[in-house]
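Subject: Structure for your review

Dear colleague,

Please find below the structure that I am handing over to you, together with its sequence.

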Amino acid sequence: MWTADTFRCPGCSNADGPWTVVCDWRRVTLGCPCGLTTDRHGLTFSEVFLVLPDT
């Protein structure tokens, strides 16, 4: 069974995004629309699924 918690920005408590995602293959950094970036979200690269829009 796999579960996920909703991540909230530690600066503004936003949970809706849109998030910017930067990965250097060791760490995933999330950027919030409020301008804060954080890598303290508990995710590893193997757990991140990016939903890309259809083109």
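The notes below take up the sheet, then one threonine, and finally the cysteines and a serine.

Please bear in mind throughout that this is a predicted model.

The sheet

Three strands make up an open sheet, arranged in the order E1-E2-E3 with antiparallel pairing. The edge positions are taken by E1 and E3, each of which has a single partner strand, so one side of each has no neighbour in the sheet. In general, strands of a sheet pair through backbone hydrogen bonds.

Strand E1 covers residues 20–23 and strand E2 covers residues 28–31; four bridges join the two. Within this pairing, Thr-20 lies opposite Gly-31 of E2. The hairpin of E1 and E2 has four residues between its strands, and Trp-25 adopts a positive phi near 75° there.

Five residues separate the strands in the hairpin of E2 and E3, where Gly-35 has a positive phi near 105°.

Thr-38

Thr-38 belongs to strand E3, which spans residues 37–38. Thr-38 is also the bridge partner of Leu-30. Is Thr-38 buried or exposed? With a relative accessible area of 10%, Thr-38 is buried, because the cut-off for burial is under 20%. Leaving aside residues up to four places away in sequence, Thr-38 touches Phe-7, Pro-10, Val-28, Thr-29 and Leu-30.

The cysteines

How many disulfides does a search of the whole structure find? The search returns zero. A disulfide is a covalent bond between the sulfur atoms of two cysteines. For Cys-12, the closest cysteine sulfur is that of Cys-32, at 3.7 Å, which is too far for a bond because the sulfur atoms would have to be within 2.5 Å. Cys-34 is likewise in no disulfide, and the nearest cysteine sulfur to it, again that of Cys-32, is 3.7 Å away.

As to accessibility, Cys-12 is partly exposed, with a relative accessible area of 38%. Cys-34 is also partly exposed, at 45%.

Ser-13

Ser-13 is located in the segment before E1. Its relative accessibility of 45% places Ser-13 among the partly exposed residues. Ser-13 and Cys-32 are 19 residues apart along the chain, and their C-alpha atoms are separated by 9.7 Å.

With kind regards

Key: Residues numbered from 1 in each chain as written. Predicted model: local features only at pLDDT ≥ 70, side-chain atom pairs only at ≥ 80, totals over all residues. Heavy atoms only, no water. Buried < 20%, exposed > 50% of the residue type's maximum accessible area, 1.4 Å probe, protein only. Contact = heavy atoms within 4.5 Å. Pairing = 2+ DSSP bridges.
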